[in-house]
Amino acid sequence: ILGNAGMIMGESKDYEVRKRAEIIEKQGIRCRTLVENLNFLNKLDYGSVKFEKKNIQISTLLRKCVTQILNALEEDVFNFELDIDESLQKECFLINEDFTERAIINLLNNSIKHNPKGCNIQIKLYKNEKNAIVLSVEDNGAGVSRELLKKLNKKSYETERSEGNHGLGLKIVKQVASRHKWKISFHEGEMGGFVCEMILKN
């Protein structure tokens with residue numbers, strides 16, 4: 001579907017046909033992401049994938065995730081800022097790379113999905129006042145309700161049935177953090193928007 005839609009967009013001279021093909025392509029990408037998340041969640045739930053960890057340079061993984069998202073974006077309405085503390089540029093963590101990559105990609109996709117008119121998305125890796133290493137993904141978009149934030153921050157959210165637009169992707173993020181024994185929290189940013197913070201453990 002995606003291949004045919006892309007071909008039509010590139011070859012058709014009819015504006016309406018190109019617009020419809022663009023809509024089909026966007027929906028196809030969303031469906032593909034949903035299927036990937038469902039498959040990933042099933043693997044987590046049924047333990048059909050090994051949780052193996054190895055030392056990974058986290059700054060390299062963050063750049064890889066941002067590049068993937070940028071290459072897949074059609075609209076030029078999102079501004080990405082990758083802010084990595086200089087002291088952490090070469091820092092390695094004992095993590096499962098595939099799990100962590102899926103969590104980061106889901107957070108970035110969450111900001112994109114819920115802010116179709118665009119927003120700024122900031123990915124930060126830094127040390128907080130307690131010298132703990134924090135990975136945060138923040139946008140200045142529409143944000144979410146207090147009720148949803150409260151629900152997201154409940155420990156039981158990992159195992160609850162997914163409901164609404166923020167369900168599946170963020171559930172995977174929480175499960176990935178739990179597998180790594182990272183502390184995770186969701187809250188509103190200083191200028192509104194949505195923030196996820198994970199305190200990483202080595």
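1. A word on the source. This is a predicted model, in which local features need pLDDT of at least 70 and side-chain atom pairs count only at pLDDT 80 or more, while totals for chains, interfaces and linings use all residues. Residues are numbered from 1 along each chain as its sequence is written, and side-chain values use heavy atoms, with hydrogens and water left out.

2. The overall fold comes next. The chain holds six helices and seven strands. Both are DSSP runs numbered from the N terminus: helices are H or I with at least four residues, strands are E with at least two. Along the sequence the pattern reads α-α-β-α-β-β-α-β-β-α-α-β-β.

3. Of the 202 residues in the chain, 39% are buried. Buried means under 20% relative accessible area, exposed means over 50%, and partly exposed is in between (1.4 Å probe, protein chains only). Take contacts between residues at least 6 apart in sequence: 65% of them join residues at least 24 apart. A contact means heavy atoms within 4.5 Å.

4. Back to H3. Its buried residues are Ile58, Ser59, Leu61, Leu62, Cys65, Val66 and Ile69. Seen down the axis of H3, they fall within an arc of 165°, so they line one face of the helix. The arc is that of the directions from the helix axis to the C-beta atoms. The cover over these buried residues includes strand E1 (54-57), E2, strand E3 (92-95), helix H4 (97-113), E4 and E5.

5. Now look at Lys183, in strand E6. Lys183 is exposed, with a relative accessible area of 62%. Leaving aside residues up to four places away in sequence, Lys183 touches Glu197, Met198 and Ile199. Ile199 is 16 residues from Lys183 along the chain, yet their C-alpha atoms are separated by 5.2 Å.
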